Amino acid sequence: MSESLNPLPFPVQIDPDALGRVVVLMGGHSSERNVSLDSGRNVLKALQAKGVNAEAFDPAERSLGDLEKAGYDRAFIALHGRYGEDGTIQGVLEMLGIPYTGSGVMASAVAIDVAIDKISTKQMWQAGRLPTPPWEVLLGPHQLAGLAERLGLPLIIKPPHEGSTLGLTRVDSLDRLPAAYERAADIDFPVLAERFVQGRELTVAVIGSGAAARALPIVEIRAPNGNYDYRNKYFTDDTRYLCPAPLVPAMAADIASLAEAAYRAVGCEGWGRVDIMLDDGTQRPWLLEVNTSPGMTGHSLVPMAARAAGISYEDLVLGLTAQASLKIQRRVASEAIA
């Protein structure tokens, strides 16, 4: 478990004027556009309340040429899903020399929960001997034969490059497999199949980079009938969130350490959120996904965990903005010095 340190790896006192002109990137072209707009508006309001010279920018409505010409000093990425969490916008910002929040191009492309390519993430976790449920990549419906025997039922079928449970189906019987595959394949390709873990749904926000990365208080998600789908995430008040999660201290410490290890294994920076299932039978935690640009809406879990740690929404946003950096240019500079 991490030592009991201030979970925020940035100064408590931040001069808003020192941040310069800040652009909040929101909206975009992904299937999570509406959620991104909600996140972005909240972030923009928080920055402006702190006295930061911040403005919104929607890549779906304005050109990247406009982004280059505007002369921004740093960017807060509130884009979700493709083009926002998959390394695309991060690469653009590296080319334009605009420091940005969160993970860099590689970690975003690998982690793409919604930017995290769930397949690449699982491969990296397996290489690091971190626990993730057994899984297979489906390149076509012909691979459905024998899938239940290989992974067991129930199964989860989902797109590997989308978040917010879009296109995800729980499969309890063989006759539901073809429809579940088609639903995911209509959104993305290839398709990811994963053994379903019956248990408690947990999520752990992590802030910082490298050895300084620290987990915030764990959130337990209790959705109606255990179905934490898109509707129950964003549009109802039926889902219950317990933060800190009611776990014995030793278990909470182990899960926090696992989340930090999972975050570092993918190369995340700035902030992220690691989703975990705690198996009812074995009490073993299993890593599901990591999100490199978590939501910042009224239902979002990173701000909830921050509040439990005594960090206001405004201070969280200000601190994350203060951490904005260029990752590729920083690495190139350090290699030149070496």
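This is a predicted model: local features need pLDDT of at least 70, side-chain atom pairs count only at pLDDT 80 or more; totals for chains, interfaces and linings use all residues.

Visitor: What share of the residues is buried?
Guide: Buried residues account for 56% of the 338 in the chain.

Visitor: And the surface?
Guide: The accessible surface is about 14,200 Å². Carbon and sulfur atoms make up 53% of that.

Visitor: Which residues touch the most others in the largest nonpolar core?
Guide: That core has 33 residues. Val24, Val43, Leu47, Phe76, Leu316 and Val317 touch the most other members. At least two core residues come from each of strand 1, helix 1, strand 8, strand 10, helix 10 and helix 11.

Visitor: Why would such residues sit together?
Guide: In soluble globular proteins, nonpolar side chains tend to be buried together.

Visitor: What does Val43 touch?
Guide: Leaving out residues up to four places away in sequence, Val43 touches Val24, Phe76, Met296, Tyr313 and Val317. There is also another core, apart from the largest one, with 24 residues. Val206, Leu247, Ala262 and Leu278 are among them.

Visitor: New topic. What is the strand order in the open sheet of four strands?
Guide: The order is 4-7-5-6, and the pairing is antiparallel.

Visitor: Which strands stand at the edges?
Guide: Strand 4 and strand 6 do. Each has a single partner strand, so one side of each has no neighbour in the sheet. On average, neighbouring strands are turned by 25° against each other, direction ignored.

Visitor: How many bridges join strand 4 to strand 7?
Guide: Four, and the two strands run antiparallel.

Visitor: Is Glu136 buried or exposed?
Guide: Glu136 lies in strand 4. It counts as buried because its relative accessibility is 16%, under the 20% cut-off. Its side chain makes a polar contact of 2.6 Å with that of Arg150.

Visitor: And Asp38, where is that?
Guide: Asp38 is in helix 1. At 34% relative accessibility, Asp38 counts as partly exposed. Asp38 and Gly298 are 260 residues apart in sequence, yet their C-alpha atoms are 8.4 Å apart in space.

Conventions
Residues are numbered from 1 along each chain as its sequence is written. Side-chain values use heavy atoms; hydrogens and water are left out. Buried means under 20% relative accessible area, exposed over 50%, partly exposed in between (1.4 Å probe, protein chains only). Accessible areas come from the Shrake-Rupley method with a 1.4 Å probe; for residues, only the protein chains shown count as cover. A nonpolar core is a set of buried Ala, Val, Leu, Ile, Met, Phe, Trp, Tyr and Cys residues joined through side-chain atoms within 4.5 Å. Contact means heavy atoms within 4.5 Å. A polar contact is a pair of N or O atoms within 3.5 Å; within protein, one must be able to donate a hydrogen and the other to accept it, and residues adjacent in sequence count only if both atoms are side-chain atoms. Two strands pair if DSSP finds at least two bridges between them. Axes are lines fitted to C-alpha atoms, for helices over the stretch in contact, and angles run from 0 to 180 degrees between N-to-C directions.
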